[in-house]
Amino acid sequence: MKRITICIPMYNEAANLNELYTQLNALSNQYTRNYEFEFLFVNDGSVDQSIEIIKTLSNSDSRVKCVDLSRNFGKEIAMLAGFDHATGDAIIIMDADLQHPPSTIPKMITEWEKGYQDVYGKRVTRHGESFFKKEFSKLYYKILTHFSSVPVIPAVGDFRLLDRKCIDSIKRIRETQRYTKGIYMWIGFKKKEVTFEANERFAGETKWQFKSLVKLAIDGIISDSVVPLKLSLYSGIIIALFSFLYLIYTLITTILYGSTTPGFPTLTILLLFLSGTQLFFIGIIGEYIGKIFIEVKRRPPYLVQEFISKEETHKHIARNEETNIED
(Lines give C-alpha, C1' and ligand atoms only; values in the text may rest on other atoms or scores of the structure.)
Protein backbone atom coordinates (compact mmCIF):
# COMPACT_ATOMS: atom_id res chain seq x y z
CA MET A 1 0.00 0.00 0.00
CA LYS A 2 1.41 3.39 -0.99
CA ARG A 3 1.86 6.04 1.68
CA ILE A 4 0.98 9.69 1.13
CA THR A 5 2.36 12.32 3.51
CA ILE A 6 0.40 15.55 3.84
CA CYS A 7 2.96 18.12 4.99
CA ILE A 8 1.58 21.22 6.74
CA PRO A 9 3.92 24.01 7.89
CA MET A 10 2.21 26.07 10.58
CA TYR A 11 2.79 29.21 12.61
CA ASN A 12 0.14 30.24 15.15
CA GLU A 13 -2.69 28.35 13.44
CA ALA A 14 -4.48 27.01 16.53
CA ALA A 15 -7.86 28.29 15.34
CA ASN A 16 -7.62 26.28 12.11
CA LEU A 17 -6.06 22.96 13.12
CA ASN A 18 -9.14 21.06 14.32
CA GLU A 19 -11.14 21.92 11.21
CA LEU A 20 -8.18 21.08 8.98
CA TYR A 21 -7.77 17.70 10.67
CA THR A 22 -11.51 17.00 10.33
CA GLN A 23 -11.41 17.63 6.59
CA LEU A 24 -8.18 15.67 6.05
CA ASN A 25 -9.51 12.77 8.09
CA ALA A 26 -12.74 12.68 6.06
CA LEU A 27 -10.71 12.78 2.85
CA SER A 28 -8.32 10.02 3.90
CA ASN A 29 -11.18 7.75 4.94
CA GLN A 30 -12.26 7.65 1.29
CA TYR A 31 -8.92 6.06 0.33
CA THR A 32 -8.28 3.66 3.22
CA ARG A 33 -8.18 0.66 0.85
CA ASN A 34 -5.71 2.26 -1.54
CA TYR A 35 -3.39 4.48 0.47
CA GLU A 36 -1.92 4.92 3.91
CA PHE A 37 -1.89 8.56 5.01
CA GLU A 38 0.47 10.49 7.25
CA PHE A 39 -0.40 13.99 8.53
CA LEU A 40 2.93 15.68 9.17
CA PHE A 41 2.72 19.11 10.79
CA VAL A 42 5.80 21.33 11.08
CA ASN A 43 5.54 23.76 13.97
CA ASP A 44 7.57 26.81 12.98
CA GLY A 45 7.93 28.34 16.43
CA SER A 46 4.24 28.93 17.19
CA VAL A 47 3.52 30.83 20.40
CA ASP A 48 -0.20 30.00 20.61
CA GLN A 49 -1.83 26.65 21.42
CA SER A 50 -0.94 25.02 18.10
CA ILE A 51 1.51 22.47 19.49
CA GLU A 52 -0.86 21.44 22.31
CA ILE A 53 -3.63 20.79 19.77
CA ILE A 54 -1.31 18.68 17.64
CA LYS A 55 -0.21 16.65 20.66
CA THR A 56 -3.86 15.94 21.48
CA LEU A 57 -4.58 14.88 17.92
CA SER A 58 -1.43 12.73 17.82
CA ASN A 59 -2.42 10.88 21.00
CA SER A 60 -5.71 9.86 19.41
CA ASP A 61 -4.50 9.29 15.83
CA SER A 62 -1.15 7.66 15.01
CA ARG A 63 -1.18 9.27 11.56
CA VAL A 64 -0.70 12.72 13.10
CA LYS A 65 2.95 13.63 13.59
CA CYS A 66 4.76 16.88 14.15
CA VAL A 67 8.26 18.27 13.75
CA ASP A 68 8.51 20.92 16.46
CA LEU A 69 11.27 23.35 15.44
CA SER A 70 13.30 25.10 18.14
CA ARG A 71 12.21 28.57 16.91
CA ASN A 72 10.66 30.35 13.96
CA PHE A 73 12.85 29.65 10.92
CA GLY A 74 10.37 30.73 8.23
CA LYS A 75 8.12 28.73 5.92
CA GLU A 76 10.84 27.85 3.42
CA ILE A 77 12.93 26.12 6.10
CA ALA A 78 9.84 24.59 7.71
CA MET A 79 9.01 22.90 4.41
CA LEU A 80 12.56 21.50 4.23
CA ALA A 81 12.09 20.03 7.72
CA GLY A 82 8.87 18.44 6.47
CA PHE A 83 10.65 16.96 3.45
CA ASP A 84 13.36 15.53 5.71
CA HIS A 85 10.89 13.81 8.05
CA ALA A 86 8.20 12.68 5.60
CA THR A 87 8.03 8.95 4.93
CA GLY A 88 5.47 8.89 2.10
CA ASP A 89 5.86 7.72 -1.48
CA ALA A 90 4.34 11.09 -2.33
CA ILE A 91 4.08 14.30 -0.34
CA ILE A 92 1.37 16.95 -0.54
CA ILE A 93 2.34 20.40 0.76
CA MET A 94 -0.49 22.65 1.90
CA ASP A 95 -1.14 25.57 4.24
CA ALA A 96 -2.83 25.14 7.60
CA ASP A 97 -5.34 27.98 7.09
CA LEU A 98 -7.50 25.99 4.61
CA GLN A 99 -6.87 28.41 1.76
CA HIS A 100 -5.62 25.31 -0.01
CA PRO A 101 -8.79 23.20 -0.27
CA PRO A 102 -8.35 19.50 0.67
CA SER A 103 -10.99 18.73 -1.99
CA THR A 104 -8.28 19.31 -4.64
CA ILE A 105 -6.09 16.50 -3.28
CA PRO A 106 -7.96 13.66 -5.09
CA LYS A 107 -7.25 15.39 -8.43
CA MET A 108 -3.56 15.52 -7.55
CA ILE A 109 -3.48 11.85 -6.59
CA THR A 110 -5.18 10.90 -9.86
CA GLU A 111 -2.54 12.75 -11.91
CA TRP A 112 0.23 11.21 -9.80
CA GLU A 113 -1.07 7.72 -10.57
CA LYS A 114 -0.90 8.62 -14.27
CA GLY A 115 2.86 9.06 -13.91
CA TYR A 116 3.27 12.77 -13.17
CA GLN A 117 5.81 13.47 -10.44
CA ASP A 118 5.08 17.13 -9.63
CA VAL A 119 1.37 17.92 -9.64
CA TYR A 120 1.05 21.60 -8.79
CA GLY A 121 -2.04 23.58 -7.88
CA LYS A 122 -2.71 26.73 -9.89
CA ARG A 123 -5.03 29.37 -8.43
CA VAL A 124 -7.83 30.51 -10.76
CA THR A 125 -9.54 32.61 -8.07
CA ARG A 126 -8.15 34.21 -4.90
CA HIS A 127 -10.99 34.77 -2.44
CA GLY A 128 -10.50 37.12 0.49
CA GLU A 129 -7.41 38.90 -0.85
CA SER A 130 -7.18 42.63 -1.40
CA PHE A 131 -7.00 44.18 -4.85
CA PHE A 132 -3.55 45.55 -4.00
CA LYS A 133 -2.16 42.12 -3.08
CA LYS A 134 -3.56 40.53 -6.25
CA GLU A 135 -2.06 43.24 -8.47
CA PHE A 136 1.26 43.11 -6.62
CA SER A 137 1.33 39.34 -7.18
CA LYS A 138 0.71 39.74 -10.93
CA LEU A 139 3.46 42.36 -11.20
CA TYR A 140 5.85 40.18 -9.21
CA TYR A 141 5.39 37.18 -11.49
CA LYS A 142 5.91 39.35 -14.58
CA ILE A 143 9.20 40.66 -13.19
CA LEU A 144 10.30 37.23 -12.00
CA THR A 145 9.62 35.73 -15.44
CA HIS A 146 12.18 38.10 -16.99
CA PHE A 147 14.78 37.61 -14.26
CA SER A 148 14.56 33.89 -13.51
CA SER A 149 16.94 31.37 -15.07
CA VAL A 150 14.21 28.69 -15.00
CA PRO A 151 10.59 28.88 -16.21
CA VAL A 152 8.15 30.58 -13.84
CA ILE A 153 4.46 29.66 -13.71
CA PRO A 154 2.21 32.50 -12.49
CA ALA A 155 -0.32 31.90 -9.68
CA VAL A 156 1.45 28.71 -8.56
CA GLY A 157 2.67 28.36 -4.98
CA ASP A 158 3.58 25.53 -2.64
CA PHE A 159 0.28 23.63 -2.85
CA ARG A 160 1.36 20.55 -4.80
CA LEU A 161 1.98 16.83 -4.77
CA LEU A 162 5.57 15.70 -5.13
CA ASP A 163 6.71 12.18 -5.88
CA ARG A 164 9.40 10.63 -3.70
CA LYS A 165 11.97 11.18 -6.49
CA CYS A 166 11.28 14.93 -6.36
CA ILE A 167 11.54 15.03 -2.58
CA ASP A 168 14.83 13.11 -2.50
CA SER A 169 16.20 15.55 -5.07
CA ILE A 170 15.07 18.61 -3.07
CA LYS A 171 16.56 17.16 0.14
CA ARG A 172 19.97 17.14 -1.52
CA ILE A 173 19.76 20.94 -1.90
CA ARG A 174 20.81 22.10 1.58
CA GLU A 175 21.13 25.84 1.01
CA THR A 176 19.72 27.89 3.88
CA GLN A 177 18.73 30.87 1.71
CA ARG A 178 15.92 28.96 0.04
CA TYR A 179 13.37 29.88 -2.56
CA THR A 180 11.50 26.61 -2.89
CA LYS A 181 9.25 27.73 -5.74
CA GLY A 182 12.37 28.13 -7.86
CA ILE A 183 13.73 24.78 -6.67
CA TYR A 184 10.54 23.02 -7.81
CA MET A 185 11.22 24.23 -11.34
CA TRP A 186 14.97 23.67 -11.20
CA ILE A 187 14.73 19.94 -10.37
CA GLY A 188 12.55 19.27 -13.41
CA PHE A 189 10.63 15.95 -13.56
CA LYS A 190 7.20 15.42 -15.11
CA LYS A 191 4.84 18.23 -14.11
CA LYS A 192 1.09 18.59 -14.34
CA GLU A 193 -1.26 21.46 -13.54
CA VAL A 194 -4.38 21.15 -11.39
CA THR A 195 -6.56 24.25 -10.96
CA PHE A 196 -8.29 25.27 -7.73
CA GLU A 197 -10.02 28.21 -6.11
CA ALA A 198 -8.09 29.61 -3.16
CA ASN A 199 -10.43 29.98 -0.20
CA GLU A 200 -10.45 32.67 2.44
CA ARG A 201 -8.73 31.81 5.69
CA PHE A 202 -10.97 29.61 7.81
CA ALA A 203 -10.06 31.57 10.96
CA GLY A 204 -7.52 34.07 12.19
CA GLU A 205 -5.58 36.70 10.26
CA THR A 206 -2.87 36.26 7.68
CA LYS A 207 0.72 36.25 8.97
CA TRP A 208 1.95 37.86 5.76
CA GLN A 209 2.67 41.57 5.86
CA PHE A 210 3.68 43.82 3.00
CA LYS A 211 7.34 43.75 4.04
CA SER A 212 7.17 39.94 4.06
CA LEU A 213 5.86 39.94 0.49
CA VAL A 214 8.59 42.36 -0.59
CA LYS A 215 11.25 40.17 1.03
CA LEU A 216 9.82 37.10 -0.70
CA ALA A 217 9.90 38.95 -4.02
CA ILE A 218 13.53 39.99 -3.54
CA ASP A 219 14.52 36.46 -2.48
CA GLY A 220 12.75 35.03 -5.52
CA ILE A 221 14.72 37.25 -7.89
CA ILE A 222 18.12 37.07 -6.21
CA SER A 223 18.08 33.41 -5.12
CA ASP A 224 17.49 32.10 -8.60
CA SER A 225 19.16 34.59 -10.93
CA VAL A 226 22.28 36.70 -11.51
CA VAL A 227 20.42 39.01 -13.87
CA PRO A 228 20.39 41.91 -11.34
CA LEU A 229 24.20 41.81 -11.30
CA LYS A 230 24.28 41.90 -15.09
CA LEU A 231 21.78 44.76 -14.99
CA SER A 232 24.17 46.65 -12.72
CA LEU A 233 26.97 46.14 -15.23
CA TYR A 234 24.94 47.17 -18.26
CA SER A 235 23.50 50.20 -16.48
CA GLY A 236 26.98 51.24 -15.41
CA ILE A 237 28.18 51.03 -19.01
CA ILE A 238 25.24 53.10 -20.29
CA ILE A 239 25.60 55.75 -17.59
CA ALA A 240 29.36 55.95 -18.18
CA LEU A 241 28.74 56.38 -21.92
CA PHE A 242 26.28 59.21 -21.40
CA SER A 243 28.62 60.80 -18.86
CA PHE A 244 31.46 60.69 -21.38
CA LEU A 245 29.26 62.24 -24.08
CA TYR A 246 28.24 64.97 -21.65
CA LEU A 247 31.91 65.52 -20.82
CA ILE A 248 32.69 66.05 -24.52
CA TYR A 249 29.72 68.41 -24.83
CA THR A 250 30.83 70.43 -21.80
CA LEU A 251 34.41 70.62 -23.06
CA ILE A 252 33.36 71.86 -26.52
CA THR A 253 30.89 74.47 -25.18
CA THR A 254 33.53 75.72 -22.73
CA ILE A 255 36.11 76.15 -25.51
CA LEU A 256 33.64 77.89 -27.83
CA TYR A 257 31.65 80.02 -25.37
CA GLY A 258 33.65 79.99 -22.17
CA SER A 259 32.61 78.79 -18.70
CA THR A 260 29.26 79.92 -17.32
CA THR A 261 27.95 79.78 -13.76
CA PRO A 262 24.46 78.39 -14.64
CA GLY A 263 26.01 74.93 -15.16
CA PHE A 264 26.13 74.20 -11.44
CA PRO A 265 22.46 73.06 -11.14
CA THR A 266 23.06 70.56 -13.93
CA LEU A 267 26.17 69.26 -12.20
CA THR A 268 24.28 68.93 -8.92
CA ILE A 269 21.50 66.93 -10.59
CA LEU A 270 24.02 64.66 -12.30
CA LEU A 271 25.93 64.05 -9.07
CA LEU A 272 22.76 63.18 -7.19
CA PHE A 273 21.57 60.89 -9.99
CA LEU A 274 24.88 59.06 -10.27
CA SER A 275 25.25 58.75 -6.49
CA GLY A 276 21.73 57.34 -6.16
CA THR A 277 22.35 54.88 -8.99
CA GLN A 278 25.60 53.71 -7.41
CA LEU A 279 23.97 53.20 -4.01
CA PHE A 280 21.11 51.25 -5.63
CA PHE A 281 23.44 48.82 -7.35
CA ILE A 282 25.70 48.55 -4.31
CA GLY A 283 22.54 47.49 -2.46
CA ILE A 284 21.91 44.75 -5.02
CA ILE A 285 25.46 43.50 -4.69
CA GLY A 286 25.07 43.67 -0.91
CA GLU A 287 22.06 41.34 -1.08
CA TYR A 288 24.13 38.74 -2.90
CA ILE A 289 27.07 39.16 -0.52
CA GLY A 290 24.72 38.84 2.46
CA LYS A 291 23.40 35.52 1.19
CA ILE A 292 26.95 34.30 0.55
CA PHE A 293 27.92 35.36 4.10
CA ILE A 294 25.09 33.29 5.60
CA GLU A 295 25.72 30.25 3.37
CA VAL A 296 29.47 30.00 4.06
CA LYS A 297 28.80 29.67 7.80
CA ARG A 298 27.40 26.20 6.96
CA ARG A 299 24.99 26.21 9.87
CA PRO A 300 22.22 23.56 9.82
CA PRO A 301 19.08 24.95 8.16
CA TYR A 302 16.98 24.23 11.27
CA LEU A 303 17.02 22.63 14.71
CA VAL A 304 14.33 20.29 16.04
CA GLN A 305 13.09 20.64 19.59
CA GLU A 306 10.87 17.56 19.51
CA PHE A 307 9.39 15.02 17.11
CA ILE A 308 5.82 14.26 18.12
CA SER A 309 4.08 11.01 17.22
CA LYS A 310 2.08 8.36 19.02
CA GLU A 311 4.89 5.85 18.55
CA GLU A 312 7.46 8.20 20.07
CA THR A 313 5.15 8.85 23.03
CA HIS A 314 4.85 5.11 23.69
CA LYS A 315 8.62 4.71 23.47
CA HIS A 316 9.10 7.57 25.92
CA ILE A 317 6.62 6.01 28.37
CA ALA A 318 8.34 2.62 28.03
CA ARG A 319 11.77 4.14 28.73
CA ASN A 320 10.41 5.89 31.84
CA GLU A 321 8.88 2.65 33.10
CA GLU A 322 12.17 0.79 32.59
CA THR A 323 13.99 3.54 34.48
CA ASN A 324 11.51 3.33 37.38
CA ILE A 325 11.91 -0.48 37.55
CA GLU A 326 15.69 -0.18 37.67
CA ASP A 327 15.44 2.41 40.46
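**Entry 1: ground rules**

Buried, in my notes, means under 20% relative accessible area, exposed means over 50%, and partly exposed sits in between (1.4 Å probe, protein chains only). By that rule I filed tryptophan 112 as buried, because its relative accessible area is 8%. I'm working with a predicted model, where local features need pLDDT of at least 70 and side-chain atom pairs count only at pLDDT 80 or more, while totals for chains, interfaces and linings use all residues. Residues are numbered from 1 along each chain as its sequence is written, and side-chain values use heavy atoms, with hydrogens and water left out.

**Entry 2: aromatic pairs**

I searched the whole structure for aromatic pairs and got three. Rings of Phe, Tyr and Trp (its six-membered ring) pair if their centres lie within 6.5 Å; planes under 30 degrees apart are stacked, over 60 edge-to-face, and the rest tilted. One of the pairs is tyrosine 21 with phenylalanine 39, edge-to-face, at 6.2 Å centre to centre and 85° between the planes. Tyrosine 21 is in helix 1 and phenylalanine 39 in strand 2 (residues 35-43), so I noted a link between distant parts of the chain, 18 residues apart. For helices (H or I, at least four residues) and strands (E, at least two) I use DSSP runs, numbered from the N terminus. I checked burial too: tyrosine 21 and phenylalanine 39 are both buried.

Next I looked at tyrosine 35 and tryptophan 112, a tilted pair with 6.4 Å centre to centre and 40° between the planes. Tyrosine 35 belongs to strand 2 and tryptophan 112 to helix 4, 77 residues apart. Tyrosine 35 is buried, with a relative accessible area of 10%.

While in helix 4 (residues 105-113), I listed its buried residues: Ile105, Pro106, Met108, Ile109, Glu111 and Trp112. Glycine 115 follows helix 4 and has a positive phi, near 115°.

**Entry 3: nonpolar cores**

A nonpolar core is a set of buried Ala, Val, Leu, Ile, Met, Phe, Trp, Tyr and Cys residues joined through side-chain atoms within 4.5 Å. The largest one has 37 residues, and Ile6 and Phe41 touch the most other members. Helix 1 (residues 14-29) gives this core its largest share, six residues. Another core lies apart from it, with 24 residues, including Leu69 and Ile187.

**Entry 4: salt bridges**

Side chains of opposite charge can pair when their charged atoms come close. I counted a salt bridge when a side-chain nitrogen of Lys or Arg was within 4 Å of a carboxyl oxygen of Asp or Glu. That rule gave me 13 salt bridges.

Aspartate 95 and lysine 75 meet in one of them, at 2.8 Å, N to O. Aspartate 95 lies in the loop between strand 4 (90-93) and helix 4, and lysine 75 in helix 3 (residues 75-85), so the pair ties together parts 20 residues apart in sequence. Which is buried and which partly exposed? Aspartate 95 is buried at 16% relative accessible area, while lysine 75 is partly exposed at 25%.

Lysine 75 also meets aspartate 158 in a salt bridge (3.3 Å, N to O). Aspartate 158 is in strand 6 (residues 156-163), 83 residues apart from lysine 75. Aspartate 158 is buried, with a relative accessible area of 5%.

I then found aspartate 158 in a salt bridge with lysine 181 (3.5 Å, N to O). Lysine 181 sits in helix 7 (residues 180-187), 23 residues apart from aspartate 158. Put together, Lys75, Asp95, Asp158 and Lys181 are linked in a network of salt bridges.
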